[in-house]
Amino acid sequence: MQPILVLSGLNKTYDGGFEALKSVDLEIRRGEIFALLGPNGAGKTTLIGAVCGLVRPTAGTITVDGIDTAQNPRAARARIGLVPQELATDMFERVGDTVAFSRGLFGKPRDPAMIERVLRSLSLWDKRGAKIMALSGGMKRRVLIAKALSHEPDILFLDEPTAGVDVELRRDMWKLIGGLRDQGVTIILTTHYIEEAEEMADRIGIIAKGEIVLVEDKQALLAKLGRTEASFRLATALPELPAGLSDWPVALADDGETLVYTMSGEEASTRGLAAMVRRLDELGIDYRNLDVHRSSLEDIFVDLVESRA
């Protein structure tokens, strides 16, 4: 299937020589949830701005559903919805009016039934006559999503969609985003909440210093780069690491009472935890308890970003 968004050799150099994007190549699959992760200043906002027509790239091409954004920017932009991080909307407008107005900005004809469907899907229908200033922070963010969906885009950019909202509302937003994907909308989100990407994303992209560090299916990334660390609390302290464990990825704590066994994703498939347990039994090493920690997406993200520092 042809990707819905293709960035090729995308570069952005600002006045003064700062390179915000460096030859970025990226393809987004139709109908997926793609999470773009990166520290502050990594280039996430510049990348979104370039795709949405808010930033003029220095070099490279952007194709949205087969449309070159440089050659036909209006047609390309009409296929994109953008939910910014900041609550930038007229606080004195009424919810229904501002969503309908956003639809008109893209040259779309009036469609009250469609606007009603969007508002109902976001639990905003009962608030359609309310002024935005009277809404809670979470409801205001829902209004931004409604505005972005008003012209029926194929791609939805969400820039830090749950920033500043409580845990319960964040969960509701995750459910909402999953529902949009089920309707066929391609979702691209940036987030500082790593668990958000781990919960929702189909694929993960990591950007650092303007460069794409990697793009990987989420599960494949966790399997390939993840680590499993098993801590065996020994029944009897050991004076040193036994010779029978010298070729295993095992470390003995300074107090001699804990063996720490660390496996990468590849090692876990051939020399897993069960193999370690059998080895300890063969060597006659008893342990009182076992604690296992598997690395999360956050651990992988931190390791990758720090390696690029």
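## Stop 1: aspartate 65

Select aspartate 65, which counts as partly exposed at 26% relative accessibility (buried means under 20% relative accessible area, exposed over 50%, and partly exposed lies in between, with a 1.4 Å probe and protein chains only). This is a predicted model, in which local features need pLDDT of at least 70 and side-chain atom pairs count only at pLDDT 80 or more, while totals for chains, interfaces and linings use all residues. Residues are numbered from 1 along each chain as its sequence is written, and side-chain values use heavy atoms, with hydrogens and water left out.

Aspartate 65 sits in the loop between E4 and E5 (helices are DSSP runs of H or I with at least four residues, strands are runs of E with at least two, and both are numbered from the N terminus). Its phi is positive, about 50°, although aspartate 65 is not a glycine.

Aspartate 65 and arginine 30 form a salt bridge, with the closest N and O atoms 2.9 Å apart (a side-chain nitrogen of Lys or Arg within 4 Å of a carboxyl oxygen of Asp or Glu). The pair links distant parts of the chain, 35 residues apart, as arginine 30 lies in the loop between E2 and E3. Arginine 30 is partly exposed at 34%.

## Stop 2

Select arginine 29 and aspartate 217. Their closest N and O atoms are 3.2 Å apart, in a salt bridge. Aspartate 217 belongs to strand E10 and arginine 29 to the loop between E2 and E3, so the pair ties together parts that are 188 residues apart in sequence. Both are partly exposed: aspartate 217 has a relative accessible area of 33%, and arginine 29 is at 42%. The count of salt bridges comes to eleven.

## Stop 3: glutamate 32

Is glutamate 32 buried or exposed? Glutamate 32 is buried, with a relative accessible area of 4%. The residue is in the loop between strand E2 (19-28) and strand E3 (33-37). Leaving aside neighbours within four places in sequence, glutamate 32 is in contact with residues including Glu27, Arg181 and Arg203 (contact means heavy atoms within 4.5 Å).

Move to Arg181. The side chains of arginine 181 and aspartate 182 meet in a salt bridge at 3.7 Å, N to O. Arginine 181 is partly exposed at 24%, whereas aspartate 182 is exposed at 65%.

## Stop 4: the four-stranded sheet

Colour E2, E1, E4 and E5: in that order they make an open sheet of four strands with antiparallel pairing (two strands pair if DSSP finds at least two bridges between them). E2 and strand E5 (67-68) stand at the edges with a single partner strand each, so one side of each has no neighbour in the sheet. Strand E1 (residues 5-13) and strand E4 (residues 59-64) run antiparallel and are joined by five bridges. Within this pair, leucine 7 stands opposite isoleucine 62 in E4. Next, show helix H1 (residues 44-51), which packs on the sheet and touches E1, E2 and E4; its direction makes about 115° with that of E1 (axes are lines fitted to C-alpha atoms, for helices over the stretch in contact, and angles run from 0 to 180 degrees between N-to-C directions).

## Stop 5: the whole chain

Zoom out. The protein chain has eleven helices and 14 strands. Of its 309 residues, 44% count as buried.
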